[in-house]
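I opened this notebook to keep a record of what I looked up, entry by entry.

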Amino acid sequence: MLIYDIWFLFIYMFSVGNLIFVSKNKHLLVVLLSLEFIVLSIFFFFLVLLMFIDYDMYMLMVFLVFSVCEGSLGLSILVSMIRSHGNDYFQSFSML
Amino acid sequence: MLTNNNSNKMFFLFILFFSTLISISSNSWFGCWIGLEINLLSFIPLISNSKNLLSVETSLKYFLTQSLASINFLFMILIKFSLLKNFDMNNIISIMMNSSLLMKMGSAPFHFWFPNIVEGLSWMNNFMLMTWQKISPMILLSYYFNKNFLIFMIIMNLIIGSLGGLNQTSLRKLLAFSSINNLGWMIFSIMISENLWLFYFLIYSMMIFMMISLFFLMNMYFMNQLFINNMNFFIKLNLLINFLSLGGLPPFMGFMPKWIIINFLLINKFYFLTFIFMMTSLIIIYYYIRIIYSSFMFNYFKMKWVNLLMKNNMSLINLSSFISISSMILSTFIFM
């Protein structure tokens, strides 16, 4: 843990990803992309952390499997939404 | 989900049960995160099964909030791991981890998705959402919590749960706000001891099960359906007993866990918190009684040309009423 400046990069990437997630977008796909960006920032963070434990990257692979599953679940929900509503705009929601 | 059969549901229910067990019995925080992810992965196919627009929107909202919460949870786990804060529980990292777990549970101030989603689900899916989905975040909350932050969250839960239900006409949203209020009690009980939380949770799930099975059997989703049906007297009585038990009134079953928590609060001199617990319970009982009195006294329909809604087998309804009334007294006969 010799250089601590790299922490700012991870926190910045994570914060930007969260910011895009909570912003008002027109499409649903932007929200799913921001989720994937957060996953990417965590992947980077995890990689750097695991490098300090003698390059033991197995947990990183498990994390990657689960986050890919979650991303594909998001996409399948997007597909079912397009099938029923016709588009992926946020304005076509009708529930409150 | 083109074929909507039971084997699909059984498969996903099986994985749902195991995901909670993975999450609460893991050795590291990463295993907890894996359990929460599998929970999300297996709950979404359970709720997106029907072919109307509402179920798509519901599963979308559920997915977005839960995945954001669990990915934030993982980031905070990594920060906690990198800064080596394993035993110091009163810092900002525990606040962040608790916030993401509270968002997964649907507790205030992250509760805004909860009444929306409850409005779009059927009764059985609501039952799973209100009971089983709360187990894993609660137990994870007890592993690393920030006491001051959680007490503030409890107060918010109680107030929002009681005041939010005042203007509702939909039964599902009413039970959702009641669930948020009971989350306040449950978070406090898990800060005391896990055994007490298990006791409160079991009794709460039994009460919710009795109410939801009654509404499910009569296919009622809104409050006006309680008044215009031509219900049998015993079904209305069962409704009265279950509502009052859920509110926590003394001779019924729902009073017992609240009694134990209030006992602990008063012995340890949490006087202000006791005041808030009591007052918000009063508001909740007010709007339950409002419903039941309307059903019993002001809107009592006895139409002659419509058959009475009497079930062929009333034993389930009678049994649930008997359990609700007599549980507190019978529990004193257990010498353990």
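The entries below go from the interface to the pocket and then to the backbone.

**Entry 1, interface.** I note at the outset that this is a predicted model. I looked up how many residues take part in the contact, and found 36 residues from chain A and 32 residues from chain B. When I applied the salt-bridge rule across the interface of chain A and chain B, the count was zero, while the search for polar contacts between the two chains gave two residue pairs, both at pLDDT 80 or more.

Which helices of chain A supply at least two residues each to the side that touches chain B? I found H1 (6-22), H2 (28-51) and H3 (58-85) of chain A, and the largest share, 13 residues, comes from H3(A). Sorted by class, this side of chain A has 28 nonpolar residues, seven polar residues and one charged residue.

I recorded a volume of about 460 Å³ for the second largest pocket. Its lining has 19 residues, and those nearest the centre are A:Phe21, A:Val22, A:Phe90, B:Leu64 and B:Thr65. At least two lining residues each come from H1 of chain A and from helices H3 (53-82) and H5 (113-120) of chain B, with H3(B) giving the most, namely five residues. By class I noted 12 nonpolar, five polar and two charged residues in the lining of this pocket.

Is the peptide bond from B:Ala108 to B:Pro109 cis or trans? I found it to be cis, with omega near 0°, and I placed B:Pro109 in the loop between H4 (92-105) and H5 of chain B. In chain A I looked up A:Asp54, which has a positive phi of about 60° although it is not a glycine, and which lies in the loop between H2 and H3 of chain A.

Conventions: Residues numbered from 1 in each chain as written. Chains lettered and ligands numbered in written order. Predicted model: local features only at pLDDT ≥ 70, side-chain atom pairs only at ≥ 80, totals over all residues. Heavy atoms only, no water. Contact = heavy atoms within 4.5 Å. Salt bridge = Lys/Arg side-chain N within 4 Å of Asp/Glu carboxyl O. Polar contact = N/O pair within 3.5 Å; in protein donor to acceptor, adjacent residues only side chain to side chain. Helix = DSSP H or I, 4+ residues; strand = E, 2+ residues; numbered from the N terminus. Nonpolar A, V, L, I, M, F, W, Y, C, P; charged D, E, K, R; others polar. 1 Å grid on protein atoms, 1.4 Å probe; cavity = no way out; pocket = protein on both sides within 12 Å on 5 of 7 lines; lining within 4 Å. Points joined across faces, edges and corners; volume = space filled by probe spheres on them.
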